[in-house]
Structure formats: structure tokens, C-alpha cells
Amino acid sequence: MLKRSVKPGDGHPLPRFRWWQLFSRSVFHLGLVSPDGSRQTWTVDVRHGGDSNGTVLAKLYRDGVHEATSKLPAKFIVPGGRIEVVVSGFGIKRCHYVTPDRSERQLTPDQASAEGRRARLDRAHPVLSRAVGSASLIILVIALVLGVPQIIDEISHIPLIADNIGTFASPIHLPAWANISLVVATLVASTERALRLRYNWMLDGGLFDGGE
């Protein structure tokens, strides 16, 4: 079951999901049939605030019992394949079960988690869900178009860069309040996309987290 940096678990039970953990914790479940024919529930638990040392870890549970812990990105070997877990600066980027033939499926978010509540909205109100998803995408595209030229402008005026490469004059100059509003809207939109495990390296912070 263990792979590379994965450490064995200590057998403690899966903690109950609390309402105040809505945006600080992600929990996903996967039902599998073990080699002996019994059905098992595998659970991935990620605390986005990190452990006591500030390190964000993925913990794996089998039928509610702690089985393993890994730094991220994580790969846990489970019956019939592996579970891959990757995070971005806004939440879970990937939490999938992958089989040797490279087929994969996303784990099911816990109903109490923010991801689970977003999935419930999608099932109960698909039209509204699509509208919210489209709005998030539009906001991020607008932020990219309006924000990147201003950022390049600022960076190009750093003396070391200006002396060696030259400067760039952005055709866009928004007032401070507009830029702040744009940043806030971008954070909300990227968080909403992370709740659906939607990720694009250009739109969702890949320029800063390495695009993994």
C-alpha cells in the first residue's frame, strides 16, 4: 500500500467533519472491492492549513481507520490501482483513483465538506450550477486580460530587469479599488473552481505553484 514517501498510519479513527472546517479541510471517499471480495471504503483527508509544522499532508483511511500519510502530491497504492492527490493554492486540484490501464475516476467528496455541498448544488440545480461555473471562468479570463499586463509593467521596472531587458508599458491602468476588487473576485472564482476540482495552470494559479 505504501509508495515512496508514504508513511504507515497509526490506526486512529477518521475524525468527524466539523462545520467550521468547511474551507480548511477536504475529505473524499472511494468504495472498492478487496482481493478477498469484501467491500472497503477508502478515505482521503487533507487539512489545508497543514499540520503542527505547517506541512500540508494527505491522510488515507480504510473503513475509517488511519492507514497511511503522505506529503503532497501523494500516491497511495490501493486494491486495483492507486489514489492520486494533488493540491493547488486554492484547494484540491486532483483526487482520483487510477487503474493500471490508466482509466481513472474522481473520488466522491464527503457530503459535509465544501466540495460535497458544491456537488449537491450541481445535482439539485444543474442550470444554476453551470451559471456559477461559467461566471467563475469569465472572471478569471477577465482577470488574466486586465491583470497580467499591469503585473508585467511593474516587474519590468525593477532596475535589474529594466537594465537588461527593457521596460514594458501596460496599455491598461486600473485604479487601486478596481485592482483590489479584481483580486477578491479572482480568489472567489478560483476557490469555486477548486471545489469542483477544475484546474487550468494559466487561470488557477499555476504560474505560482509550478503548474503541477
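Guide: Among contacts in the protein chain between residues at least 6 apart in sequence, 47% join residues at least 24 apart, where contact means heavy atoms within 4.5 Å. This is a predicted model, in which local features need pLDDT of at least 70 and side-chain atom pairs count only at pLDDT 80 or more, while totals for chains, interfaces and linings use all residues. Residues are numbered from 1 along each chain as its sequence is written, and side-chain values use heavy atoms, with hydrogens and water left out.

Visitor: How many helices and strands are there in the protein chain?

Guide: The protein chain has five helices and 10 strands; helices (H or I, at least four residues) and strands (E, at least two) are DSSP runs, numbered from the N terminus.

Visitor: Why is Ser136 called buried?

Guide: Buried means under 20% relative accessible area, exposed over 50%, and partly exposed in between, with a 1.4 Å probe and protein chains only. Ser136 has a relative accessible area of 6%, so Ser136 is buried. Ser136 lies in helix H2 and, not counting residues up to four places away in sequence, touches Ala189, Glu192 and Arg193. Of the 212 residues of the protein chain, 36% count as buried.

Visitor: Which residues of helix H1 are buried, and what covers them?

Guide: In H1, which spans residues 114–124, the residues Ala114, Glu115, Gly116 and Arg118 are buried. Their cover includes strand E2 (25–33), strand E8 (91–98), strand E10 (108–109), helix H2 (126–156) and helix H4 (176–195).

Visitor: What makes Trp19 and Trp20 an aromatic pair, and why is the pair called edge-to-face?

Guide: Rings of Phe, Tyr and Trp (its six-membered ring) pair if their centres lie within 6.5 Å, and planes under 30 degrees apart count as stacked, over 60 as edge-to-face and the rest as tilted. The structure holds one aromatic pair. Trp19 and Trp20 stand 5.8 Å centre to centre with 80° between the planes, so the pair is edge-to-face. With relative accessible areas of 69% for Trp19 and 57% for Trp20, each residue is exposed.

Visitor: How do you know that Lys93 lies over the face of Tyr199?

Guide: A charge sits over a ring if NZ of Lys or CZ of Arg is within 6 Å of the ring centre and within 35 degrees of the ring normal. Lys93 lies over the face of Tyr199 at 4.1 Å from the ring centre.

Visitor: How do you know that E2 and E10 pair?

Guide: Two strands pair if DSSP finds at least two bridges between them. E2 and E10 have two bridges, so they pair, in the antiparallel sense, and His29 stands opposite Thr108 in E10. Nine bridges join E2 to strand E3 (residues 39–47), and these strands also run antiparallel; the bridge partner of Phe28 in E3 is Val44. E2 and E3 form a hairpin with five residues between them, and Gly37 in the turn has a positive phi of about 95°.

Visitor: Why do E6 and E9 count as edges of their sheet?

Guide: The open sheet has four strands in the order E6-E7-E8-E9, with antiparallel pairing. Strand E6 (74–78) and strand E9 (104–106) each have a single partner strand, so one side of each is left without a neighbour in the sheet. The twist averages 25° from one strand to the next. E8 and E9 run antiparallel and are joined by three bridges, with His96 standing opposite Gln106 in E9.

Notes:
Axes are lines fitted to C-alpha atoms, for helices over the stretch in contact, and angles run from 0 to 180 degrees between N-to-C directions.
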